[in-house]
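Okay, thanks for coming, everyone. Let me put the structure up, and then I'll walk you through a few spots.

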Amino acid sequence: MANAPETYEIYAIKYAQRNAFRAQHFIFSDAHDVPMPMDYFVWAIVGRKAAYVVDTGFDAEEARKRGREHIRTPAEGLRLIGIEAETAEHIIFSHMHYDHCGNLGMFPKAKIYLQEREMGYATGKYMREEVLRQAFSVDYVTDLVRALYDDRVEYVSGVREIAPGISVHHVGGHTDGLQVIRVWTKRGWVVVASDATHFYDNIFRTNPFPVVFNVGHMLEGYRTIHELAESQQHIIAGHDPLVLARFPAASKELQGTVARVDLAPLHWE
Ligand SMILES: [Zn+2]
């Protein structure tokens with residue numbers, strides 16, 4: 001294949017978790033309610049020449065305020081696979097909710113890829129609504145505004161190739177400017193969906209997560225993800241513990257902490 005893009009490795013790195021119930025994760029309720037915990041991840045897309053950090057998580061202070069269990073800082077998580085936050089050059093933000101864009105001070109060098117529409121949403125009229133702004137942190141949003149004034153934000157409108165083999169695609173829905181990331185790997189096109197689908201059951205049962213700005217866009221987003229991904233097994237959900245259960249660990253020591261989602265899942269039931 002002439003001029004095929006290089007293949008990337010993709011790591012899903014867990015940094016926090018919370019206990020929750022199934023009924024909290026779906027708009028259309030299930031008859032039976034059972035415990036369904038939620039994992040919190042950052043991701044890293046690693047090529048021969050460059051690494052791209054996808055999202056930067058929240059800090060221990062925010063975890064305490066919201067009753068989440070903070071296991072490690074995302075910077076510590078990245079260090080487990082050899083990425084230093086202080087020298088990281090690229091961050092792709094899926095969206096600006098508190099669990100995705102904190103800790104920016106730990107990444108002083110990174111250029112930031114973000115949908116322009118997401119900043120508009122996070123600082124616009126809808127933030128007058130408590131129900132919509134409660135998943136944002138005003139401190140994290142302010143840090144991103146500061147990064148903009150420091151010439152570090154590379155705005156995207158819609159679709160953009162970040163590097164050959166890595167592109168971002170606006171889908172909206174969960175937040176107005178949410179984007180998914182499509183990555184070329186040895187097994188084909190993988191889509192890091194982030195919160196375009198929190199759990200596999202959201203997209204595969206077409207049952208949206210209840211924290212949502214626009215349900216219609218969220219459903220359209222599921223279609224976009226299916227179009228962009230090579231198969232169902234190439235979709236990486238944003239908060240599902242099944243990611244660590246299904247995909248091979250980055251090493252024996254990192255079992256339950258870091259999964260290689262560029263590789264095929266070990267099982268898929
Ligand atoms: Zn999230």
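Arg 182 sits in strand β10, residues 179–185; strands here are DSSP E runs of at least two residues, helices are H or I runs of at least four, and both are numbered from the N terminus.

Quick housekeeping. This is a predicted model, with local features needing pLDDT of at least 70 and side-chain atom pairs counting only at 80 or more, while totals for chains, interfaces and linings use all residues. Numbering runs from 1 along each chain as its sequence is written, and side-chain values use heavy atoms, leaving out hydrogens and water.

Now the zinc. Which residues coordinate the zinc ion? They're Asp 99 (OD), His 100 (NE2), Asp 195 (OD) and His 239 (NE2), at 2.0 to 2.2 Å. A donor is an N, O or S atom within 2.8 Å of the metal (3.2 Å for Na, K and Ca), and with no water among the atoms, sites may look incomplete. Along the chain the spacing reads D-H-x94-D-x43-H. The angles among the four donor atoms run from 88 to 162°, and the site is irregular. Asp 99 and His 100 are both buried, meaning under 20% relative accessible area with a 1.4 Å probe and protein chains only, whereas exposed is over 50% and partly exposed is in between.

On to the inside. The largest nonpolar core has 43 residues, and Phe 58, Ile 91, Phe 107 and Leu 144 are among those with the most contacts within it. By core I mean buried Ala, Val, Leu, Ile, Met, Phe, Trp, Tyr and Cys joined through side-chain atoms within 4.5 Å. Elements giving it two or more residues include β1, β2 and α5. Apart from it there's another core, of 27 residues, including Trp 43 and Val 190.

Last stop, α5. Tyr 140, Val 141, Leu 144 and Ala 147 are buried there.

Note on methods. Tetrahedral: all angles 85-135°; square planar, octahedral: opposite > 155°, others 65-115°.
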